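Let's take a walk through this one, starting with its charged side chains and ending at a sheet. Have the model open and follow along.

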Amino acid sequence: MAISFDEKSKRFHLTAGDSSYVMEIVEGGFLAHLYWGKRIRRATFCRPPERVDRPFSPNPPGFGRDFSLDTLPQEYPAYGRTDFRAPAYQVRLENGSTVTDLRYCGHRISHGKPKLPGLPATYVERDDEAETLEIELTDPVCGLKAVLFYTAFSRLNAFARSVRFVNEGREPLVLLRAMSASVDFRDAGFDWLHLSGTWANERQIVRRPLAPGGQSVESRRGASSHQHNPFIALLRQNTDEDAGEVYGFSLVYSGNFWAGVEVDPYDCARVLIGLNPFDFAWRLDPGESFQTPEAVLVYSDEGLGGMSRTYHWLYRSRLCRGPWRDRERPILVNNWEATYFDFDEDKLVRLAEKAADLGIELFVLDDGWFGQRDDDTRSLGDWYPNPRKLPNGLSGLAGRIAALGLRFGIWVEPEMVSEDSDLYRRHPDWCLHVPGRGRSTGRSQLVLDLSREDVREYVVRAISDLLSSAPIDYVKWDMNRHMTEIGSAALGPERQRETAHRYMLGLYAVLEELTVRFPHVLFESCSGGGGRFDPGMLYYMPQTWTSDNTDAVCRVKIQYGTSLVYPAVAMGAHVSAVPNHQVGRTTPLRTRGDVACSGNLGYELDLTALSDEACAEIRRQTSFYRDIRRLVQFGDLYRLISPFSGDGNEAAWMYVSEDRSESVVFYFRFLARPNPPRPAIRLKGLDPLADYLVREIPNGRAEPVFGGDELMHAGLPVPERALFGDFQSAVWLLFRQN
Ligand code: DGJ
């Protein structure tokens with residue numbers, strides 16, 4: 001049994017993989033948190049909550065002076081009943097008060113994992129993969145019920161949590177705050193880590209010690225955002241990549257979120273993650289319910305690497321869905337940086353011809369093929385081909401691409417409308433806006449109001465017609481601005497603050513419909529690069545364009561940071577031209593290839609303008625990638641050298657097959673040093689008792705055999721070649737010999 005309840009001690013003990021989570025129903029029916037960490041055999045001796053009479057920590061009615069919610073570690077804390085820390089939820093009653101009091105009233109344990117209505121979530125394929133505990137808490141005064149869901153995955157150190165609120169009373173309630181998970185750690189001896197950045201510099205690793213009071217990251221932008229990823233982790237101060245405890249919190253959501261930690265005066269850390277309460281309110285009429293998004297909590301005592309591998313497996317295999325989930329992804333060429341808006345059918349076909357010759361498998365037509373779109377100021381919403389650029393329509397172009405032996409894919413940005421578009425002229429009230437205020441534009445565009453059913457129906461119809469109009473195998477689904485004037489013409493005044501979340505539910509409904517209608521299509525999500533690289537989008541689209549920044553040096557850091565939570569198969573990684581269009585840097589083609597081969601490989605440059613030597617190098621890269629892509633896309637990732645540590649001049653990672661028989665190792669070094677030291681990279685994840693043949697790519701003639709133990713403890717020497725000149729890389733393939 002992964003989940004048990006002991007009637008006598010009133011304790012729940014949940015075990016997931018090698019981890020345990022313990023709760024207790026304490027006096028008065030409050031649900032206390034006792035433990036989360038390394039698996040323990042029994043929950044019997046888990047330290048009970050202390051009872052201490054603390055000055056300025058008041059006592060709920062009927063309790064002694066040594067009982068205060070202010071000092072009780074809780075599972076889903078309320079506001080206004082003696083706990084002064086940040087609450088997990090808050091509800092406004094019809095009488096204007098915001099004080100509620102949830103107490104235990106029952107629970108249910110079942111096999112498997114229920115679906116989350118209308119929301120993306122992890123899932124199981126067989127009921128024995130997980131067990132789920134539902135704990136019901138009620139407040140009889142106002143009729144509020146909260147059902148806390150805990151799914152324990154049997155083979156992974158992972159718990160999925162969410163909450164369903166139900167109004168069982170007679171009067172309307174308004175949810176003002178509804179976190180997906182709350183954990184009261186019983187000490188605060190941690191660092192906290194988050195993934196933050198900007199457009200073109202997403203998911204940079206930030207790690208700092210917890211300090212008294214609050215610390216948080218959030219998005220108020222209507223998308224999970226480039227600025228902060230919906231993920232935080234607590235790490236013991238001595239935790240590193242390979243050892244020590246880590247607690248990861250990842251939210252399966254693509255909109256406004258909040259994730260943070262409050263360290264209280266008694267050195268306890270409360271972690272909360274969920275929908276951003278800022279500008280959020282949700283009216284619950286009697287009988288109505290509200291489901292929060294899911295938070296996925298991962299425990300690792302094998303450092304950050306252990307945490308990442310758990311997230312990778314779970315998100316790759318039990319979050320992503322559809323026929324493409326387990327299939328090797330095609331090598332693509334995207335015409336964006338090759339042509340921007342300046343193309344016609346013949347130019348595209350010339351690019352595709354060259355791509356086919358170089359071993360590329362999928363041609364992606366990016367922005368600019370529709371309406372009057374010759375720049376980014378117009379035509380979003382008018383999803384029909386521009387006859388001047390594509391005189392034979394999409395099917396004509398797709399036919400010519402197919403004749404070259406390539407699959408065909410297309411870019412769309414269906415959530416948006418340009419002011420200068422037929423769609424906007426027909427439906428000016430279909431975008432997010434508020435009465436009496438002008439509409440702020442971003443990249444000259446407005447956001448369609450997907451909280452509206454008629455708008456959703458239009459988007460599904462327009463994109464379905466498009467995908468039925470030609471043999472389209474791939475879609476890049478872009479989203480290029482954040483939300484302002486968030487309001488909906490279709491909602492009453494009392495529901496305006498529901499708009500941002502209703503938008504996300506609407507987007508998820510559209511994506512569900514389209515991915516079910518077109519299961520063969522490989523969808524890649526994008527938001528100005530990696531502005532919506534989150535688990536919510538991965539549920540519908542199994543890969544994401546990692547960043548608009550394709551510079552190899554920046555990409556090492558971006559991909560390294562992204563890999564903390566997300567698997568390589570989800571990361572679109574392209575080789576682009578030099579000087580790089582985002583930062584102006586010139587790096588060797590080989591290094592650009594090695595960085596991109598570490599993710600989901602693509603090319604995004606004018607292939608027709610390359611020298612013979614460059615073409616030969618690309619042919620080598622595509623052929624090499626075909627050999628290693630199963631390993632990269634579905635193997636276990638071990639990070640070896642962090643570009644975020646030391647002087648940041650090096651990075652390395654490797655992928656190992658599940659049976660440890662094969663591995664590919666990547667090493668990157670940025671600036672050359674005179675008379676440099678000769679480093680050796682200590683590998684990980686190999687079988688210490690096996691011998692491995694080591695082939696350096698591309699030129700390795702000598703193929704020495706080393707013990708797995710030698711490679712992991714003594715290390716693999718970096719070749720002299722990779723130490724000379726700026727922006728160098730080295731790659732090795734390892735094959736087990738016995
Ligand atoms: C932003 C994307 O991230 C780019 O790759 C490209 O598709 C442009 N949009 C097109 O407008």
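Start with a cluster: Glu125, Arg126, Asp128, Glu129, Arg318, Arg325 and Asp326 are linked in a network of salt bridges (a side-chain nitrogen of Lys or Arg within 4 Å of a carboxyl oxygen of Asp or Glu). The structure holds 70 salt bridges. A word on what you're looking at: this is a predicted model, where local features need pLDDT of at least 70, side-chain atom pairs count only at pLDDT 80 or more, and totals for chains, interfaces and linings use all residues. Residues are numbered from 1 along each chain as its sequence is written, and side-chain values use heavy atoms, with hydrogens and water left out.

Now for Asp366, whose side chain meets that of Lys476 in a salt bridge, 2.8 Å from N to O. This pair links distant parts of the chain, 110 residues apart: Asp366 sits in the loop between strand 22 (362-365) and helix 4 (393-403), Lys476 in strand 26 (residues 474-477). Helices (H or I, at least four residues) and strands (E, at least two) are DSSP runs, numbered from the N terminus. Asp366 is buried at 2% relative accessibility, and Lys476 is buried at 5%; buried means under 20% relative accessible area, exposed over 50%, partly exposed in between (1.4 Å probe, protein chains only).

Back to the sheet: 4 strands form an open, antiparallel sheet in the order 1-2-3-4, where pairing takes at least two DSSP bridges between two strands. Its edges are strand 1 (3-6) and strand 4 (30-38), each pairing on one side only. Within this region, Glu24 and Arg11 form a salt bridge of 2.8 Å, N to O. Glu24 lies in strand 3 (residues 19-26) and Arg11 in strand 2, so the pair ties together parts 13 residues apart in sequence.
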